[in-house]
Amino acid sequence: MALSSGREQVVFATVLFGRMQAGTGADRAMGLFINTLPVRLDLDGTGVEESLRITHARVAELLTHEHASLALAQRCSGVAAPAPLFSALLNYRHNTPAAMAGSTTDDGLCGVEWLGGEERTNYPLTLSVEDFGEALGLTAQVVEPISADRVCGYMQHALEQLAEALSELRIRQCESSTSCRPRSAATCWRS
């Protein structure tokens, strides 16, 4: 987003579950508690590890506001309406293998037939990271002329670079640690 917008600060929406701070009785309430709130990232030359820590802290802080309305977030942001607070959504979805395989007799859905489903979004760009437990996938919903394949390719490349940078950082930390010196850096990294 930063490269395509030419900005060092980018804002995108993230999806929050909504039940974490819902209070007593939320487990008995019907319906979804899902909310979408903005996250700002500063791409200002800060190192990979520190950037990840800052991002994690910002998303964790959002959990205390997960029931705040988007209108309230807009008022607090200083972005004057009707300008959108964000136009891109990033979602991390935990997809359990059992849910993907269909219903089983012990999941309470015995006899229910899956007919299908279709996702829709109001955002020009929605990117979902699909966590299947053993593997990750990427799903993009975009408006023309943006290419969903290109967006997923950019994200895959960014994730590969992030993983490589973190691996190199961990190996350097191990190589400088006295507890790792007797072993190889690769052995230390695996531990």
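How many bridges join strand β4 to β5, and in which direction do these strands run?

1. Basis of the model. This is a predicted model, in which local features need pLDDT of at least 70, side-chain atom pairs count only at pLDDT 80 or more, and totals for chains, interfaces and linings use all residues. Residues are numbered from 1 along each chain as its sequence is written, and side-chain values use heavy atoms, with hydrogens and water left out.

2. Strands β4 and β5. Strand β4 (residues 125-131) is joined to β5 by 7 bridges, and the two run antiparallel. Helices (H or I, at least four residues) and strands (E, at least two) are DSSP runs, numbered from the N terminus; two strands pair if DSSP finds at least two bridges between them. Ser128 stands opposite Thr139 in β5.

3. The sheet. An open sheet is formed by 5 strands in the order β2-β1-β3-β4-β5, with mixed pairing. Its edge strands are β2 (35-42) and β5, each of which pairs on one side only. From one strand to the next, the twist averages 25°. Axes are lines fitted to C-alpha atoms, for helices over the stretch in contact, and angles run from 0 to 180 degrees between N-to-C directions.

4. Helix α2. Helix α2 (residues 48-63) packs on the sheet and touches β1 (9-16) and β2; the direction of α2 makes about 155° with that of β2. Contact means heavy atoms within 4.5 Å.

5. Asn91. Asn91 lies in strand β3 and counts as buried at 13% relative accessibility. Buried means under 20% relative accessible area, exposed over 50%, and partly exposed in between (1.4 Å probe, protein chains only). Leaving aside neighbours within four places in sequence, Asn91 is in contact with Val15, Leu127, Ser128 and Val129. Asn91 and Val15 are 76 residues apart along the chain, yet their C-alpha atoms are separated by 5.7 Å.

6. Cysteines. The structure holds 0 disulfides, a disulfide being a pair of cysteine sulfur atoms within 2.5 Å. Cys76 is exposed, with a relative accessible area of 64%, whereas Cys152 counts as buried at 15% relative accessibility.

7. Pro145 lies in the loop between β5 (136-142) and α5 (148-176).
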